[in-house]
Amino acid sequence: FMLMLTYYGHSCLLLDDGAHKVLTDPFLTGNPTAAITADAVAADTILLSHAHGDHFGDAQAIAERTGAEVVGVPEVLGLLRLPGAKLHGMNLCGTLVLAFGSMRMVLARHSSGVAGGCACGYIIRMGGKTVYFAGDTAIFSDMRFLGERDAIDYALLPIGDNYTMGPEDAALAAKWLGAKHVIPIHYNTWPVIAQDPEEFKKLCEAASDAKVSIVQPGASLELA
Ligand code: ZN
């Protein structure tokens with residue numbers, strides 16, 4: 001297996017195993033760091049972590065154009081207006097088995113952006129790897145449980161602070177998760193979430209057993 005991750009900026013990234021394309025939180029229009037446009041990005045499956053504009057983003061337009069299946073909690077999917085769309089509502093701790101592998105919707109500590117909804121993350125099994133996409137979240141002690149439940153190869157963790165955990169908490173999260181690798185996301189999109197990823201790398205590698213890979217918007221990394 002070869003699993004490629006391409007980072008499009010903020011919390012938008014693509015996991016591609018050569019046959020299936022999973023896109024997360026497709027905020028591209030209006031994202032100053034976006035490395036692709038909403039009318040060019042590919043997707044078979046779109047994972048939504050919550051309804052804030054910088055995550056829900058271009059989900060409607062991309063799903064309409066690509067016919068991708070959109071996964072999220074029902075309250076978030078309820079914001080989409082897609083006639084005949086492939087929507088898959090699920091909730092925390094649910095597992096969805098798809099052609100490329102499976103994904104589990106997991107807790108995030110963050111507001112949902114829509115009444116009655118909750119924010120979530122995903123643990124994705126694809127291409128022989130287990131990838132934790134944390135979405136927007138504070139650190140929470142049940143990250144230890146996530147690491148106990150699934151051996152996490154790659155954790156994609158927000159480090160921006162202000163709206164999510166910052167570098168120190170994300171470094172501790174990496175330890176609690178027992179992640180083998182960490183890729184920082186959700187930083188440097190705007191001044192309010194400015195962070196030095198090299199500083200985070202030092203902090204995280206000192207606090208945990210994780211190796212940190214910094215992926216710039218537009219760059220890809222093979223998840224080996
Ligand atoms: Zn948010």
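1. A residue counts as partly exposed when its relative accessible area lies between the buried limit, under 20%, and the exposed limit, over 50%. R125 is partly exposed because its relative accessible area is 38%. Keep in mind that this is a predicted model.

2. R125 forms a salt bridge with D150. The closest N and O atoms are 2.6 Å apart. The pair links distant parts of the chain: R125 sits in strand 9, and D150 lies in the loop between helix 4 and strand 11 (154-158). They are 25 residues apart. D150 has a relative accessible area of 1%, so D150 is buried.

3. Now the zinc site. Which residues coordinate the zinc ion? They are H50 through NE2, H52 through ND1, H110 through NE2 and D136 through OD. The distances run from 2.2 to 2.5 Å. Along the chain, the donors follow the spacing H-x1-H-x57-H-x25-D.

4. H110 and D136 come from distant parts of the chain. H110 is in the loop between strand 8 (101-107) and strand 9 (120-126). D136 is in the loop between strand 10 (129-133) and helix 4 (143-149). The two are 26 residues apart.

5. Are H110 and D136 buried or partly exposed? H110 is partly exposed, with a relative accessible area of 21%. D136 is at 2% relative accessibility, so D136 counts as buried.

6. Why is the arrangement around the zinc ion irregular? The 4 donor atoms subtend angles of 87 to 178°. Four donors count as tetrahedral if all angles lie between 85 and 135 degrees.

7. How many salt bridges does a search of the whole structure find? The search finds 8. D153 with K180 is one of these pairs, the closest N and O atoms being 3.0 Å apart. This pair also links distant parts of the chain, 27 residues apart. D153 is in the loop between helix 4 and strand 11, whereas K180 is in the loop between helix 5 (167-177) and strand 12 (181-185). D153 counts as buried at 12% relative accessibility. K180 is partly exposed at 45%.

8. E205 forms a salt bridge with K211, with closest N and O atoms 3.7 Å apart. E205 is partly exposed, with a relative accessible area of 29%. K211 counts as partly exposed at 45% relative accessibility. Elsewhere, salt bridges that share partners join R104, R125, R149 and D150 into one network.

How values were computed: Residues numbered from 1 in each chain as written. Predicted model: local features only at pLDDT ≥ 70, side-chain atom pairs only at ≥ 80, totals over all residues. Heavy atoms only, no water. Donors = N, O, S within 2.8 Å, 3.2 Å for Na, K, Ca; no water. Tetrahedral: all angles 85-135°; square planar, octahedral: opposite > 155°, others 65-115°. Helix = DSSP H or I, 4+ residues; strand = E, 2+ residues; numbered from the N terminus. Buried < 20%, exposed > 50% of the residue type's maximum accessible area, 1.4 Å probe, protein only. Salt bridge = Lys/Arg side-chain N within 4 Å of Asp/Glu carboxyl O.
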